[in-house]
Amino acid sequence: MQLLVYILAYPFLWLISVLPYKLFYFFSDLVYFLVYRVVGYRKKVVYKNLTLVFPDKSEKEKKSIQRAFYKHMCDMFLETIKTMNISEEELKKRYALPNIDLLLDLEKERSILVLFPHYGNWEWSIIVNVYLKSKGFAIYQKIGNVYFDRLIKKIRGIWSTTPISQRETVITMARNHQKGIKGVYGIVSDQSPQAHLAQYWTEFMNIKVPVYNSPEILARKYNHAVVFAKVTKVKRGYYNTEFVPIAVEGSKTKENEITDKFLRLTEEEILKNPAYYLWTHRRWKHRDKVPAEYL
């Protein structure tokens, strides 16, 4: 069944990826109409998240953010598909990296963790690897359909990027460190861990939640540099990503310092333009399970 679904869907995805941009974004508008107006995909979740995070905003303001978010989400989903056939020249133009020299300087000395929030467009960041001398790794969560999982790995593996699953991350970093192989690891790092497995709880958008601190643990253990990917949507289909240093030497940071800095930088971006954050995730679902020691 998985193969059948893939066989039926792949030609459609390929066709989307080769559409001229005017038609491509017109199609995205149609997808928005279906997803938001007809199906109402996770509208209750999105509105609830916006209400939690922005209790002082009016219903009109929250609805406006919600509509803008769904338009952006459809664009970003289709832009991931567009990666199947986008050229290097085109992607460089649409995903600008004004201070890529920061990564080039850091990689001379050590491996780098590039931390992304679910904000803007993180999929097109694979273009970063074109500029690097170190090996680039894109950490991702496996998809249930093995054929679509292979497709995502293929897309993210363009231009010599090596996709690795979350489970493979620790082993890969340990092996590379042991062999003296420098790497640049792209990690989307603002997911919500299971409450009972969380090692650290802190406030995110003024709500106490469990947070992943695995990137920090690895950075401190292997003395990786850590940077924040600050993604700005310049206009439809165009992004500007600036790298903001969090730690030059991870081993010299205090406990939770890296994690806290990442969260504060993420909050800054959300507050600037909340429509570009991924509100469909139940990011604050464990807010009522805060352990006594964190109250």
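This report walks through a nonpolar surface patch and some salt bridges in the structure above. Keep in mind as you read that the model is predicted.

**A nonpolar patch**

Let's begin at the surface. Five residues, F33, L34, V38, V39 and Y41, make up a nonpolar patch there. Is L34 buried or exposed, or partly exposed? L34 counts as partly exposed because its relative accessibility is 47%, and that label covers values between the 20% limit for buried and the 50% limit for exposed.

**Salt bridges**

Now for the charged side chains. How many salt bridges does the structure hold? There are 13.

| Salt bridge | N to O distance |
|---|---|
| K93 and E90 | 3.5 Å |
| E249 and K252 | 3.3 Å |
| R264 and E267 | 2.8 Å |

Start with K93 and E90. Both residues sit in helix 5 (residues 88–94). They are three residues apart, or about one turn of the helix. Their surroundings are worth a look too. K93 is partly exposed, since its relative accessible area is 48%. E90 has a relative accessible area of 17%, so E90 is buried; the cut-off for buried is under 20%.

The pair E249 and K252 comes next. With a relative accessible area of 25%, E249 is partly exposed. K252 reaches 64%, and therefore K252 is exposed, as that label applies to values over 50%.

Finally, look at R264 and E267 in helix 10, which spans residues 257–272. Why are these two residues separated by about one helical turn? They are separated in this way because they lie three residues apart in the helix. R264 is partly exposed, at a relative accessible area of 32%. E267 has 13% relative accessibility, so E267 counts as buried.

Salt bridges can also link up through shared partners, and one network of this kind joins D29, D75, K233 and R236.

**Looking back**

Technical notes:
Residues numbered from 1 in each chain as written. Predicted model: local features only at pLDDT ≥ 70, side-chain atom pairs only at ≥ 80, totals over all residues. Heavy atoms only, no water. Patch = residues over 30% accessible without salt bridge, like charges linked within 9 Å, V, L, I, M, F, W, Y side chains within 5 Å. Areas by Shrake-Rupley, 256 points an atom, 1.4 Å probe, with all protein chains shown as cover. Salt bridge = Lys/Arg side-chain N within 4 Å of Asp/Glu carboxyl O. Buried < 20%, exposed > 50% of the residue type's maximum accessible area, 1.4 Å probe, protein only. Helix = DSSP H or I, 4+ residues; strand = E, 2+ residues; numbered from the N terminus.
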